[in-house]
Amino acid sequence: MSGRATAAAGALLALRGVSKRFGDKQALSGVDLDVRGGEVHVVCGENGAGKSTLMHIIGGILQPDAGELLIDDVAVKFADPVAASRAGVGMVHQHFRLVASMTVAENLYLNRQPKRFGLFSDRAAMRRGAADLIAGYGFDLEPDAVVGGLSVGQRQRVEILKALGFDARILILDEPTAVLTPGEVGQLLDVVRDLRAKGRAILFITHKLKEALEISDRVTVLRHGRRISTLPTAELSERAIAIDMVGREMSPAKREAQPQGEAGVAPALEARHVVATDARGRRLLDDVSFAIRPGEILGVAGVDGNGQTELSEAAAGLRTIQAGAFAMAGRDVTRLDVRARRRLGLGFIPEDRLDRGVSADMSVAENVSVGAYARRRLANGAGLVSVAARDAYAAEKIREFDVRGAKPSTPIGALSGGNIQKVVIARELDLRPVALVVAQPTRGLDVGAAEFVHRQILSAAERGCGVLLISSELTEIFALSDRIAVMFQGCLVGTLERAAATEEAVGLMMGAGTRAA
Amino acid sequence: MRPLVLPPRLAAAVSLLGPAVAVLVGGFVLVLAISDDPLLAYKDLLFANFYSVANFALFVNRTTPLLFIGLSVILSFRAGVFNVGGEGQLYLGAIAATAAGLACARAPQPLGLIAAAAAGAVVGAIYGFIPGQLKVKLGVNEVVSTLMLNFVAMLLTQYLVTHPLRDPTAYGAVSFMLAPSVWLPEIPCLPGATDGALIALALAPLVWLALYRTTWGADLRAAGANPRFAEAVGIDADRRVLEAMALSGAVAGLAGALYVLGIGHRFEQNFSPGFGLIGLTVALLARLNPFGAILTAAFYALVLNGAAYMQIDTDVPRSLVGLLTGFLVLFMTARGRAAAAPA
């Protein structure tokens, strides 16, 4: 245990030597933590470092095997979340726990509805109370709005209100920014600052370092279930936190300046005036054109929901386009289906791993071998699979791509997001792709896994693969791309050489859809 | 509180056997409450199938269609298609085999039999293919279409057996008797038990092999487990669905055909005591595992037949079995709340 802890008397919430074990996995060992009123305390750590377990213990969802919790220096034990909330601990989960078909007011009063004659719910009192609560925090919410119709950011604010209830003094936010658009993140951080000013203690879980520095007063880093450090934010840098999180010096992947490819070589992947519409005829892709040379990485930035998903699916052959054409290495592939495009060497890393990237219930071996049975001779001519060859192939990929905690027979859904992504990448790169469509490759991944993914994308490009990199993380776009384009309302607005692009200019294009002067 | 941790194989065995044991124990308490002779009743329920060779043969004959339908359901469910049309496919397979068997009465010894069995399988396959095609091309929900097609099949066979195929000399709605030349032989050392049982037993490992040891099966299960993933990696999911549905229908059709050829020797209007539905439970209780289906089909046959003996010997009604199997499904589908370890 590091001696860098800064224990403070009068902490609102304190943890002393908290340990928790799941089966043979020690999730937390002897963790100390202090949170003061009027403080934003960020807890950082890689996936599996124990952040969520720790928060679930504070929130009463899990009970520690050893150690104690103190609130106002009094030891407490929470048997369940209700006990925790009675003691003033409110929790906002990463995945929202709201009833979509109910109104905001009904959700806020779930399980504590005011009653009329002890029998009927008093809807008027409920609405009044909800309106007061919303007004108290200045949120843009309607008590009567149905939650299902709200944006993600608004739903999160309902969750926050629900967690605060009427008397929570300690608020836990579990990776609250993971689901938000950049604009919504800004609003959330304003809300957090406001709560801090009101004297609440806020525990903020994140693995985004920039956010940690921006919002926090102190930062605690967990690694493998142990507390590595707790330091005032003023003394920290992104690099210092990353070193504590990963346990070693990070060397972020960075694209070296590439020599211009010679003219006359057909682009690895080309789109010509591609138009795609939804069922109502609205244009999701509006005259999109680009050409990616072999070995080049084209970064497509943009706020989520501006057609990036549709672009990646159209390029992969998963979405029919109404006009325009796609070409690979000079050959028109517009009319080819996914299978045919893959045979020509089109790799696809989808934005949602569990949706399109893998089949969660099937094994790692089966997921990595899909489409490789014939190519890698994992099955004979009659289609009879050689289990030995398949598992050996999977074991080789697991080693090569450093998929942690996986055997060929492990159900892939049991792995962490980063390790699932490694399996997807292993499978797609084994196609020896001519062109690679990559969408949001590091969403939800921790720094270590993200670094690995970035290196794989760069090395694919070095082998001559043309890469379409779609991401809403500007740092990622800037670290990897040779050229940067911005998507706005289905259009590609302006393409810049990386040398000529600045984050400010690209950010402006993302917001306004016009090329910055 | 530390949860009890079992080694995985033992845990799997407990999860399968535990509910069965719990149901039998619970059932005994029930019998104890209503019967004057609870021990005899329970002895009959569990062991009467083994009192004599004849009883055992009846048990084998009862297991056979259940196992066929169970395997049929596994094939379609693994492809993500909730095919509940087993009953209809069974009836059509049976009537097709009857018609073909009557037509081939003079054919040389094994040919007529093979033709009749093939007719049942083919008609069943077509009847499975139809809802598959409706689902793939038009997005028709397969639960609705297969359920409705069951009625079509049953009413159609009812017409056929009461008019063109009816044996006017027999009592009730039954077809003409098949010529012994097209009968499926009995198991040599087990008089009264149909060879269909051996075919069903051989089919179980084949289904397992096709699903788990071929690229076709890998693609089919991927299409069933996550169609959007299958699409993204270039698997022709629609085609796999159609193949699975046709195969599933063929197996159910074969169940009907072999029942007629090996057990009934003629088509009887209500020959199935709901094999289609019971077969569905057989497959689900086996967690869609073809080998598990052998056990669950045998278990169902055991208690279905055992209940009949129990009712004859004692004052316990056979409907007790409905209660017991209901509890079994309840226990099997209920799972202990696992202590989830968050990341």
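Trainee: How are α8(B) and α10(B) oriented to each other: roughly parallel or roughly perpendicular?

Mentor: Two packed helices are described by the angle between their axes and the distance between the axes. This is a predicted model, where local features need pLDDT of at least 70, side-chain atom pairs count only at pLDDT 80 or more, and totals for chains, interfaces and linings use all residues. Residues are numbered from 1 along each chain as its sequence is written, while chains are lettered from A and ligands numbered from 1 in the order in which they are written. Here the axes of α8(B) and α10(B), residues 237–264, come within 9 Å and cross at roughly 105 degrees. Axes are lines fitted to C-alpha atoms, for helices over the stretch in contact, with angles from 0 to 180 degrees between N-to-C directions. Under 35 degrees counts as roughly parallel, over 145 as roughly antiparallel, 65 to 115 as roughly perpendicular, and the rest as oblique. The pair is therefore roughly perpendicular.

Trainee: Which residues make the contact?

Mentor: A contact needs C-beta atoms, placed from the backbone, within 7 Å. α8(B) brings D219(B), L220(B) and A223(B). α10(B) brings A237(B), R240(B), V241(B) and A244(B).

Trainee: How many residues of chain B are in contact with chain A?

Mentor: The size of an interface is often given as the accessible area lost when the parts come together. Here we count residues. On chain B 20 residues are in contact with 33 residues of chain A. Elements giving two or more residues to that side of chain B are α8 (215–225) and α9 (227–232). α8(B) gives the most, with 6 residues. Helices (H or I, at least four residues) and strands (E, at least two) are DSSP runs, numbered from the N terminus.

Trainee: What does chain A contain, in helices and strands?

Mentor: Chain A has 17 helices and 22 strands. Its radius of gyration is 25 Å, close to the 24 Å from the globule rule for 517 residues, so chain A is as compact as a globular protein of that length. That radius is taken over C-alpha atoms; the rule is 2.2 Å times the number of residues to the power 0.38.

Trainee: Where do the domains of chain A lie?

Mentor: Bounds come from an automatic or database domain assignment. Domain 1 is 1–88 + 169–182 + 196–248, domain 2 is 95–168, domain 3 is 269–360 + 418–512 and domain 4 is 362–410. The centres of domains 1 and 3 of chain A, taken over C-alpha atoms, are 36 Å apart. Between them, 9 residues of domain 1 are in contact with 7 of domain 3. Helix α8 of chain A (residues 238–246) gives the most to the domain 1 side, with 3 residues.

Technical notes: Two residues are in contact if their C-beta atoms, placed from the backbone, lie within 7 Å.
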